[in-house]
Amino acid sequence: MAKKPLILVSNDDGITSKGIRVLVNIMKQLGEVVVVAPDSPQSGMGHAITIGETLRLYEEDIFEDVMAFKSSGTPADCVKLAKHYVLKDRRPDLVVSGINHGSNTSISVLYSGTMSAAIEGALEGLPSIGFSLCDYSSKADFSHVEEYVFKISKQVLENGLAKGVALNVNFPPKRNEPIKGVKVCRQAHAKWQEEFSERYDPNGRKYFWMAGNFVNFDKGEDNDEWAIANNYVSIVPCQYDLTAHHAISQINEDWNWDEL
C-alpha cells in the first residue's frame, strides 16, 4: 500500500479557529496530518519571527486522530518549529495554511500571517498553499469551498509546484449562486489607504487606532480582485524573491556611477 502524504497544517487565526478545523478535516482525506498553529490570533503579522523572546510549544488534543501543537509564536515560527522540532527528520509533502477568515487578495498578501506560513514552506522547498475565504466572520460558512480546497491540494500533491512558489488561494464568500470556477491570475494593483484616529485612554495617555479603506486601482480582468468580485476562486502563484529584476538594467544605465 502506498505511503500517505505528510501534510503540515498551520494558520494565523489560531488553533481553535473554525477555518483550521475545516482545513484539517479536508487534509485528513488526502494524507497524514500534523498541525502546528499559533495559540492565539496572529492576523497581520506578515513574515514576522520571534527573536529575543521565549517560544513555547504545547501538544493539543483538539483534532481527532491528528497530532497537533499550539505555539506562542507567529505563523512563520510555527512552520519553523514544525520542520526543526516536531517533524525532525520527516519532510512534509505539502504545507497548507488557513482557511483564513478574511481576504488575502492583492497587497494584503504582504501583511498576511496566513501567507507567511505558506511562504515559509516555500522557503524550505516544500509545495505550499495559503487558503483564505473572503468572509471575516468567526462563524463563516466554508461549505462552498471545501471541494475546491480538496481538489487544489490534490493537484499540488500530484503535480508539485515550481521551486520557491507558494499559491495564494482566495475564495468568494457564500452567495446565492455556486462558484463559477477557478482563475489562475495575478495580484491586483490595489492598496489600503490608512487613517489614524488619535484617542486617549482613561489615564489620559494618547494612543492611535488604525482604520482605512481598501482602494482598487486595477481595471483588468486577470487579477484576484476581479475574480473574487465575479464569484471565481483566485489562485495567485507567489514567490519570496522580491528582487525587481526589471529595475536592475534601468539603474545600471541611468545612474551616474562617477558620483558614487
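User: Against which strands and which helix do the buried residues of helix 2 pack?

Analyst: Two points on the source come first. This is a predicted model, in which local features need pLDDT of at least 70, side-chain atom pairs count only at pLDDT 80 or more, and totals for chains, interfaces and linings use all residues. Residues are numbered from 1 along each chain as its sequence is written, and side-chain values use heavy atoms, with hydrogens and water left out.

Analyst: Helices (H or I, at least four residues) and strands (E, at least two) are DSSP runs, numbered from the N terminus. Buried means under 20% relative accessible area, exposed over 50%, and partly exposed in between, with a 1.4 Å probe and protein chains only. In helix 2 (residues 75-86), the buried residues are Pro75, Ala76, Asp77, Cys78, Val79, Leu81, Ala82 and Val86. They pack against strand 1 (6-10), strand 2 (32-38), strand 3 (57-60), strand 4 (67-71) and helix 3 (113-123). Just after helix 2, lysine 88 has a positive phi of about 50 degrees.

User: At what angle do helix 2 and helix 3 pack, and how is that angle read?

Analyst: Axes are lines fitted to C-alpha atoms, for helices over the stretch in contact, and angles run from 0 to 180 degrees between N-to-C directions. Angles under 35 degrees count as roughly parallel, over 145 as roughly antiparallel, 65 to 115 as roughly perpendicular, and the rest as oblique. Here the angle is about 30 degrees, with the axes 7 Å apart; helix 2 and helix 3 are therefore roughly parallel to each other.

User: Which residues of helix 2 and helix 3 meet?

Analyst: Contact means heavy atoms within 4.5 Å. Pro75, Ala76, Val79 and Lys80 of helix 2 meet Gly113, Ser116, Ala117, Glu120 and Gly121 of helix 3. By class, this contact has four nonpolar, three polar and two charged residues. Ala, Val, Leu, Ile, Met, Phe, Trp, Tyr, Cys and Pro count as nonpolar, Asp, Glu, Lys and Arg as charged, and the others, Gly among them, as polar. In general, an α-helix has 3.6 residues a turn, so residues three or four places apart point the same way.

User: How do helix 1 and helix 4 cross?

Analyst: The axes of helix 1 (residues 18-27) and helix 4 (residues 146-159) come within 10 Å and cross at roughly 50 degrees. That makes helix 1 oblique to helix 4. Val22, Leu23, Ile26 and Met27 of helix 1 make the contact with Glu146, Val149, Phe150 and Ser153 of helix 4. By class, six of these residues are nonpolar, one is polar and one is charged.

User: Is serine 108 buried or exposed?

Analyst: Serine 108 counts as buried, because its relative accessibility is 11%. The residue is found in the loop between strand 5 (94-101) and helix 3. Leaving aside neighbours within four places in sequence, serine 108 is in contact with Ser103 and Trp192.

User: Where does tryptophan 209 lie?

Analyst: Tryptophan 209 lies in strand 10 (residues 206-216). Beyond its neighbours within four places in sequence, tryptophan 209 is in contact with Glu195, Phe196, Ser197 and Arg199.

User: How many helices and strands are there in the chain?

Analyst: There are six helices and eleven strands in the chain. Of its 260 residues, 45% count as buried.
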